[in-house]
Amino acid sequence: EQAPTEEATETTEESDREEDETTEEVTETPEETEEADLKDVLVETNDPRDISELVADNWDDVEKAENSESSVSGTDNEFELKRIVLEADEITETYGATDIIHYGEYDEYVFQFETVEDTEIAYGELVEDFGSDYVFNDQIVSSLDMADFEGADYDRNIVADCQIQSYSARSWGVTYMGMNYLKDQYSGSGITKTVKVAVVDSGLDTRNSIFNGRVDTSNSYDFIKNSSRLIDENGHGTHVAGTICDATPGNVKVISCRAFDYRGKATYVTLLSAFQYAVNKKPDVINCSFGCQDNGGTNFLDAAIQKAYNNKTVVCVAAGNENRSTSYSYPANNKNVITVSSIGKSGYISYFSNYGTHVDFCAPGEAVVAAYKGGGTKALDGTSMATPHISAACAYVKMVKNAPSVSDVKDTLKKY
């Protein structure tokens, strides 16, 4: 029998090596494969604007869901936005997501999926692995408080009842609370300390002259369009910011954090990202003229509110317009915020205003005239309109006191 040639032997050895390499590829463990997949889709960040980019790229899902009347209050398919948020120290797999952003400061993972079915399956798996308290599906927020309405005609002579003839405010509430008098005092007092108020809302239309020199444009951001351009297609945010500027002198600056679109709609993730961004800027005050229904367990802003509290940033929140207890309105029921209900010119609580033990202050919220989109003004009702009056009052306290805590600010206001 003829012995194999040296060439044949080398060929056989090469073939064996190729088979061994092929075998090694085939025998790669599932854990190693999943780890490689995770690296492909996971992005680390400490800037909530990166999350805004993910949401903006998929905003069409919000439009589709809105057209099918899906929302937090009435949902056809709660997974339509195809996005899930997880609070966890670490993950080891993708759960089928096409994109994952890890916001390390809050141990927060945002998962984006290709299909509704993938989202629903992943939600079940995440709840099984981490528990339902740490997993929530992104949904449309139809803010209960942004459903404001045009203010009725009112007696402009209410201003005379205050016995103050000073700065001519647009909002009767500014004069009712005496802030027109304070504005004149501080404008000529030589106090130059800059106070910043972040407004998480529908954006800002700067065409109204009241905003000249009053907006911190370098820190303002649009979390709907993922842009630094200032716009307001709804008008609500402009109205809120207008009241703050109406009530305060020029050293109070507004940071606009747009989280609501032209219909007054947001999602949990856009609200969360905008609010986290506002907190990171360490303003003196954050105005939140919005709220959503809490049937128990709503807490998606809690960690960021706690951080704001620790930073001595005052968070002022609208009580809501449902004429019921604030126990069912979030974040008005959070213990670390200042919750504001509405009163009319009579001094009595407004018929629409929420109420209860969570309410810290009442402020004018009926027929409030303030700047509006397009450069004009408009009269609106709502606890949304009451809240910036208190935000402005907090700004005055921050202006004259040295680094007061949230409790210090609240106690100071209670004296007046």
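How many cavities of 30 Å³ or more does the structure hold? It holds two.

## Model and overall make-up

This is a predicted model: local features need pLDDT of at least 70, side-chain atom pairs count only at pLDDT 80 or more, and totals for chains, interfaces and linings use all residues. Residues are numbered from 1 along each chain as its sequence is written, and side-chain values use heavy atoms, without hydrogens or water.

The protein has 12 helices and 19 strands (DSSP runs numbered from the N terminus: H or I, at least four residues; E, at least two). Of its 416 residues, 52% are buried (under 20% relative accessible area, 1.4 Å probe, protein chains only).

## Second largest cavity

A cavity is a set of points on a 1 Å grid where a 1.4 Å probe fits but cannot get out; lining residues have an atom within 4 Å of a point. The volume is the space filled by probe spheres set on the points, joined across faces, edges and corners. The second largest cavity has about 30 Å³.

Its lining includes Tyr 221, Asp 222, Arg 229 and Arg 258. Strands E9 (221–222) and E10 (252–258) each supply at least two lining residues.

## Helices H11 and H12

The axes of H11 (residues 383–400) and H12 (residues 406–414) come within 10 Å and cross at roughly 105°. Axes are lines fitted to C-alpha atoms over the stretch in contact, with angles from 0 to 180 degrees between N-to-C directions. H11 is therefore roughly perpendicular to H12 (65 to 115 degrees).

Ile 390, Ala 393, Cys 394, Val 397 and Lys 398 of H11 meet Val 409, Thr 412 and Leu 413 of H12 (contact: heavy atoms within 4.5 Å).

Methods
1 Å grid on protein atoms, 1.4 Å probe; cavity = no way out; pocket = protein on both sides within 12 Å on 5 of 7 lines; lining within 4 Å. Parallel < 35°, antiparallel > 145°, perpendicular 65-115°, else oblique. Buried < 20%, exposed > 50% of the residue type's maximum accessible area, 1.4 Å probe, protein only.
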